[in-house]
Amino acid sequence: MGIYLNSGNIAFKMSVNDDIYVDKSEIISFVNHRVDKNKRYICVSRPRRFGKSMTAQMIAAYYDRSCDSRELFQNLKIERDISFEQHLNAYDVFFLNIQQFLSGAKGADYFVEYLEREVLNEVKELYSNYVSDNETSLPIALATIFSKQMEENKGFVFVIDEWDCVFREYQEKREVQKKYLDFLKDLLKDRTYVKVVYMTGILPIKKYGTHSALNIFDEFSMTRAGKLAKYVGFTEEEVEGLCSHYGLDFKKAKQWYDGYCLKQVGHIYNPKSIVDAVIEEEFRSYWTSTETYEALQVYIDLDMYGLREAIISMLSNSKIKIDIGSFQNDMTSLKSKDDVLTLLVHLGYLAYDEESREVFIPNEEVRGEFLRAIKNGKRPEMIKAIQHSERLLKATIERNEEEVARLIEEVHSANTSPNFYNNEQALRSVIQLAYISSMDDYVTIQELPSGIGYADLLFLPRKHSNKPAILIELKWDKTVESAMSQIKNRNYVETIENYGGEILLVGINYDKKNKMHQCKIEKYNMIKG
């Protein structure tokens, strides 16, 4: 058993033995159907915390001939697949975690030589009868071994994890990046010794001009997940099953962690957040356990035309149409707002709707990261928007109706074209934008269903908050009295009867004749029992 060649199945065994394990083994069937074919090159990119390494370890354990993994796959879905026996523990497997090589090298400039030397030394040790000790080329060594064993139809499976870390950690070292890509191309492209390649990263394969140095790969990403969509994260059915088994509120899990949406399967959840919530028995942000908001802050602070407006709009639950085609799949060649937003999709900070070609903030957990990044960022106009929202929330809680109307008017004037401010939906967008700072203390619910209609907005206090609930009804070119009457007559308050605390009923109307907002606020106490 080696470090890089035939490293065994210990890592996968640990995953299977975990208290929480969600079976994604059917992806092996997809990989099996690519073995020994022209389309045997697979690149899967998805954000951190989405189980890339765990899947890579499973695939390596399945193919690795140095171990017996049959027992580990017992009762998993892949065991029932027709291809299961054919490829089980049948090949020499290279498991290359590129991050480890990058860390082990004495510097980025020596990284490629270090990678090739370390792997080649293991090859020489295992195949000393085929490879000369003087050989310095890994591709030549593997080609030699394959030619000697051709009658046995043996070859090599390559599992390459964190393939893109060079582009993320050494963003400006273009020569190192190109040298690395040339190495992978020479190692893999059109090599008959390659049985199949499964490669993972956060970013898709880097483009140079209109071409890619690794155009042999079929790519599956957060913008085009294709047939691998159901393996990107946890599906809604899987999350609902976990919540039912462990006694957690599925609706709250959905509110906190839902939002990623892939055309082929619908809703997708971040596996790490779901597992942490189940273990901790608490819904909160687990993002900072693997990532800090500073990573997001760098991109929010970029001076790209339209970026500020897009982010503020998404914070108010809007979707933004973008063109993902110009993105060069790195973290430096960012020429437009669309390039930045596309990068944030691949990093997991935004979700992408492939059909509508729109991006949006997926859930409460990620929305919190945006707010933290803005509050500590360098964009004064965005910081001002947050501060403005905090004043509005304070005025609402203090039931200062005139101040609330005035602050909403300021948000309207600063962010909305009069030509488009012509209906209740436009008013809703302004109100959502105005209250964006509520994330710290409230869970926002849009169109809360009651017995006879929908309340427009509900801000429900989080467990740690001592603030009142805020229920908002909007009217466009009517009266605040009609808004307040609708809240009462349609029994919107009864929808949250289990809340049991103080509720502020807020009616907001926009008068299109005098172009002014009016506000009315009443306090309602609902004591449980």
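How many bridges join β12 to strand β13 (residues 358-360)? Three bridges join this pair, and the two strands run antiparallel. The legends below describe a predicted model, in which local features need pLDDT of at least 70 and side-chain atom pairs count only at pLDDT 80 or more, while totals for chains, interfaces and linings use all residues. Residues are numbered from 1 along each chain as its sequence is written, and side-chain values use heavy atoms, with hydrogens and water left out.

**View 1. The open sheet β11-β13-β12 is built from three antiparallel strands.** Helices (H or I, at least four residues) and strands (E, at least two) are DSSP runs, numbered from the N terminus. Two strands are said to pair if DSSP finds at least two bridges between them. The edges of this sheet are formed by β11 (320-321) and β12 (351-353); each has a single partner strand, so one side of each is left without a neighbour in the sheet.

**View 2. Three strands in the order β8-β10-β9 form an open sheet with antiparallel pairing.** Because β8 (234-235) and β9 (260-262) stand at the edges with a single partner strand each, one side of each lacks a neighbour in the sheet. β9 pairs with strand β10 (residues 266-269) in the antiparallel sense over three bridges, and Cys261 has His267 in β10 as its bridge partner. A hairpin of three residues leads from β9 to β10. Two bridges join β8 to β10, again in antiparallel fashion; here Phe234 stands opposite Tyr269 of β10.

**View 3. Strand β16 (residues 469-476) is largely enclosed by the rest of the structure, because eight of its eight residues are buried.** The term buried means under 20% relative accessible area, whereas exposed means over 50% and partly exposed lies in between (1.4 Å probe, protein chains only). Ala469, Leu471, Glu473 and Lys475 point one way from β16, while Ile470, Ile472, Leu474 and Trp476 point the other way. β16 pairs with strand β17 (residues 502-511) in the parallel sense over eight bridges. In this pairing, the bridge partner of Glu473 is Gly507 of β17.

**View 4. Leu474 is a residue of strand β16.** Leu474 has a relative accessible area of 0% and is therefore buried.

**View 5. Helix α3 (residues 52-63) is mostly covered, with nine of its 12 residues buried.** From its first C-alpha to its last, α3 reaches 17 Å, close to the 16 Å expected at 1.5 Å a residue. The expected span is 1.5 Å times one less than the number of residues in the helix. Among the buried residues of α3 are Lys52, Thr55, Met58, Ile59 and Tyr63. The buried residues of α3 pack against α1 (10-16), α2 (27-32), α4 (84-87), β2 (92-97), β3 (156-161) and β4 (194-201); contact here means heavy atoms within 4.5 Å.
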